[in-house]
Amino acid sequence: MSAKKGILTLISIVLTLLIVRVAPMAWSQDEPRDADVLLGALKIETGDWVADVGSGEGEYTLQMAEAVGDSGRAFAVDIDEDDLEDLNEIIKERDVTNVTTVSSVYDNPMLPRRSFDAVLIRNAYHEFTAHEQMLRHLRAALKPGGRLVMEESIEDDLVDANRARQVEAHDLSMHHARRELMQAGFEVVREVDTLRDEGDHRHWMMVAARPEENRDS
């Protein structure tokens, strides 16, 4: 019996250690406050037109659609047709009537000009293979004064690395994004360098706007 009790005790300890280690990792995948901060930064109002670029299956698109209400519209933009098909099934099942899915191409989000109050790019900008063209098109799609909110992550060891090295690791630092946004004609109006800290890996947020006085393109 003592040997059996010893084995049971060992199993209990191992399971406890696994729970302690796994639970925080599961929680850190997508903490609820990320959504609150990102959606708050978009400053969405009832009736707005908003776009979720790199939407995937539309987790944030659906929250944006709820925020704009029936008089507004949320556009889910992605290059992955399968993800968009999955989202179309979801909005059909839930009877959501104010979401439009948009199949984009690598250098163009395929959005109408001067139509959007806010655009979200969450953990997708580093995947853009033609980021300069995409930013120019997104600026053109925004109304003057419209906001672009970007979330990305960066490992501490890669903060000073060149863009290619960071993208290879599926990361991007704030200084690369800031420079590219400004080159595309945006004004950077807010920066949060630690939206979420995961030890040696942190998520950041940047808010940019199409200038009010800029009426070209």
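Reader: How do I read burial here: is W49 buried, partly exposed or exposed?
Author: Burial is judged by relative accessible area: under 20% is buried, over 50% is exposed, and partly exposed lies in between (1.4 Å probe, protein chains only). W49 has 31% relative accessibility, so W49 counts as partly exposed. F116 is buried, with a relative accessible area of 0%. Keep in mind that this is a predicted model: local features need pLDDT of at least 70, side-chain atom pairs count only at pLDDT 80 or more, and totals for chains, interfaces and linings use all residues. Residues are numbered from 1 along each chain as its sequence is written, and side-chain values use heavy atoms, with hydrogens and water left out.

Reader: How many aromatic pairs does the structure hold?
Author: Rings of Phe, Tyr and Trp (its six-membered ring) pair if their centres lie within 6.5 Å; planes under 30 degrees apart are stacked, over 60 edge-to-face, and the rest tilted. The structure holds 4 such pairs. In one of them, the ring centres of W49 and F116 are 5.8 Å apart with the planes at 55°, so this pair is tilted. W49 sits in strand β1 (residues 49-53) and F116 in strand β4, so the pair ties together parts 67 residues apart in sequence. Helices (H or I, at least four residues) and strands (E, at least two) are DSSP runs, numbered from the N terminus. Y125 and F128 make an edge-to-face pair, 5.5 Å centre to centre with 75° between the planes, and both Y125 and F128 are buried.

Reader: Which residues touch the most other members of the largest nonpolar core?
Author: A nonpolar core is a set of buried Ala, Val, Leu, Ile, Met, Phe, Trp, Tyr and Cys residues joined through side-chain atoms within 4.5 Å. The largest core here has 31 residues, and V53, L111, I121 and L148 touch the most other members. Several elements, including β1, β4, α5 (131-141) and β5 (142-155), each supply at least two residues of this core. Apart from it lies another core of 24 residues, among them A35, L39, A76 and V99.

Reader: What is I121 in contact with, leaving aside its neighbours within four places in sequence?
Author: Contact means heavy atoms within 4.5 Å. I121 is in contact with V53, F128, L138, L148, V149, M150 and E151.

Reader: What do the buried residues of α5 pack against?
Author: They pack against β1, β4, β5, α6 and α7. In α5 the buried residues are H131, M134, L135, L138, R139, A140 and A141.

Reader: And salt bridges: how many does the count come to?
Author: A salt bridge is a side-chain nitrogen of Lys or Arg within 4 Å of a carboxyl oxygen of Asp or Glu. The count comes to 9. K143 and D117 meet in one, at 3.1 Å, N to O. K143 is in strand β5 and D117 in strand β4, 26 residues apart, and this pair links distant parts of the chain. E151 forms another with R122, the closest N and O atoms being 3.3 Å apart. E151 lies in strand β5 and R122 in strand β4, so this pair ties together parts 29 residues apart in sequence.
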